[in-house]
Amino acid sequence: MTLETAWLALLGLLLAGYFVLGGYDYGVQMLHPFLGGRDGESDRDGDGDGDGDGTNRNAALDAIAPFFLGNEVWLVAFAGVLFGAFPHLEGTLLSGLYPLIVAILVGLVLGNAAIQLRRRASTARGRRRWDVLIVCGGALPAVCWGLVVGLLLHGVPRRAGGSFHIGPGDVFSPFTLACGVTTALLFAAHGTAFVALRSGPELASRSRHLGALLLRGAAAVGALALLLTLFGAGASMTNRATSAVIAALFAAALAGAWWFMTHGHSVPAFAATCCATALPVLLVGAGHYPYLLISSAGTGLTVDHAVTDGATLQILSAFGVLVVPVVLAYQSWSWWAFRGRTGQRHPSYF
């Protein structure tokens, strides 16, 4: 494996890790009004929280509380590798996808702020206002990341100088929209699998039931994207055989997650949704290799053209050998430290 390929694999690993870890954050944010409340209690007090005691506690948000800021470290690390190792890709990609990138960042800031401020609200009406912003803060990045994946799979309209600019027709094409909806539904189902993993029996059962419905929806919209591809209006893949294998694995992961959820197996269901959220990144990378950006005409930006010079990669490699293990160690420690179910080992956060 060459140094360029190793850094490309690291770039994909970081983005896939962010989809897996940030994906369930977005999913829980989107669904917390339906899963909120302390496990096993209903909304007896009528305040809209489902906690039954007039407080502002929310079991779904408690499930992600120890992790949701730390999970974004993967996005920061991905951006760092993109800027350092693939500056030509960064310059082309971020400028071309500027509206969607801004929307993702707005959603991140909006969701994080709303989660932090919700617990300070003293009235049910105030909490409901923050709840709306939390849902928007989860849905906006989830949909926009799906639109980004759809655009990269379909091919971007590149100009003569190598840059590209997306317009409303590109973003709102049937295939791109199908990818956006599929990703949002998948992240939402991933969030239910995480809540089921972290919660007591009653909330876990509700989460698995809702997750099974969301997975069926994701499979249906994903099938639409596949049909559009088969009829020439969808993805333009360089490596079709590899892409077909990854698409089959994605379908198998969805089916496995649905089966495990319907049969009450939270751990394998969460493992299956983790695979399903990571596979779109692999599809973009392996399906287009050696291209990083592809156009509908079949040409694009290759790895060799996007990567920085060899001397810079060697310096970055020495730095990466130190940083990547630290990130992995931090994530492992946080999962171990907060491994208990919500409300059993740790107090409520939100």
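Q: How do H4 and H5 lie to each other?
A: In this predicted model, H4 and H5 are roughly perpendicular to each other. Such a label is read from the angle between the axes, because 65 to 115 degrees counts as roughly perpendicular. Here helix H4 (residues 87-96) packs on helix H5 (residues 98-118) at about 80°, and the axes are 5 Å apart.

Q: Which residues in H4 meet which in H5?
A: On the H4 side they are Leu94, Ser95 and Gly96; on the H5 side, Tyr98, Pro99 and Ile101. Sorted by class, the contact of H4 with H5 has 4 nonpolar residues, 2 polar ones and no charged ones.

Q: Which residues have the most contacts inside the largest nonpolar core?
A: A core of this kind is built from buried nonpolar residues joined through side-chain atoms. The largest one has 97 residues, and Tyr18, Phe86, Leu89 and Trp145 have the most contacts inside it. Helix H1 (residues 3-35) supplies the largest share of this core, with 17 residues.

Q: What does Leu89 touch, not counting residues up to four places away in sequence?
A: With those neighbours left out, Leu89 touches Leu11, Leu82, Leu94, Leu292, Leu293, Leu301 and Ala306.

Q: How many aromatic pairs does a search of the whole structure find?
A: The search finds 10. One of them joins Tyr18 and Trp145, with ring centres 5.9 Å apart and planes at 65°. Planes over 60 degrees apart count as edge-to-face, so this pair is edge-to-face.

Q: Why does the pair of Tyr18 and Trp145 tie together parts that are apart in sequence?
A: Such a pair is read by asking where each residue sits in the chain. Tyr18 is in helix H1 and Trp145 in helix H6 (residues 124-154), so the pair ties together parts 127 residues apart in sequence. Both Tyr18 and Trp145 are buried.

Q: What aromatic pair do Phe19 and Trp145 form?
A: Their pair is edge-to-face, at 5.5 Å centre to centre with 65° between the planes. It links distant parts of the chain, with Phe19 in helix H1 and Trp145 in helix H6, 126 residues apart. Phe19 is buried, as is Trp145. Ring pairs link Tyr18, Phe19, Tyr26, Trp145 and Phe187 into a cluster.

Q: Where is the cis peptide bond that joins a residue to Pro290?
A: A cis bond is read from the omega angle. The bond joins Tyr289 and Pro290, with omega about 10°. Pro290 itself lies in the loop between helix H11 (266-288) and strand S1 (291-294).

Terms used. Residues numbered from 1 in each chain as written. Predicted model: local features only at pLDDT ≥ 70, side-chain atom pairs only at ≥ 80, totals over all residues. Heavy atoms only, no water. Helix = DSSP H or I, 4+ residues; strand = E, 2+ residues; numbered from the N terminus. Core = buried A, V, L, I, M, F, W, Y, C linked by side-chain atoms within 4.5 Å. Buried < 20%, exposed > 50% of the residue type's maximum accessible area, 1.4 Å probe, protein only. Contact = heavy atoms within 4.5 Å. Phe/Tyr/Trp six-rings, centres within 6.5 Å; stacked < 30°, edge-to-face > 60°. Axes fitted to C-alpha atoms, helices over the stretch in contact; angles between N-to-C directions. Parallel < 35°, antiparallel > 145°, perpendicular 65-115°, else oblique. Nonpolar A, V, L, I, M, F, W, Y, C, P; charged D, E, K, R; others polar.
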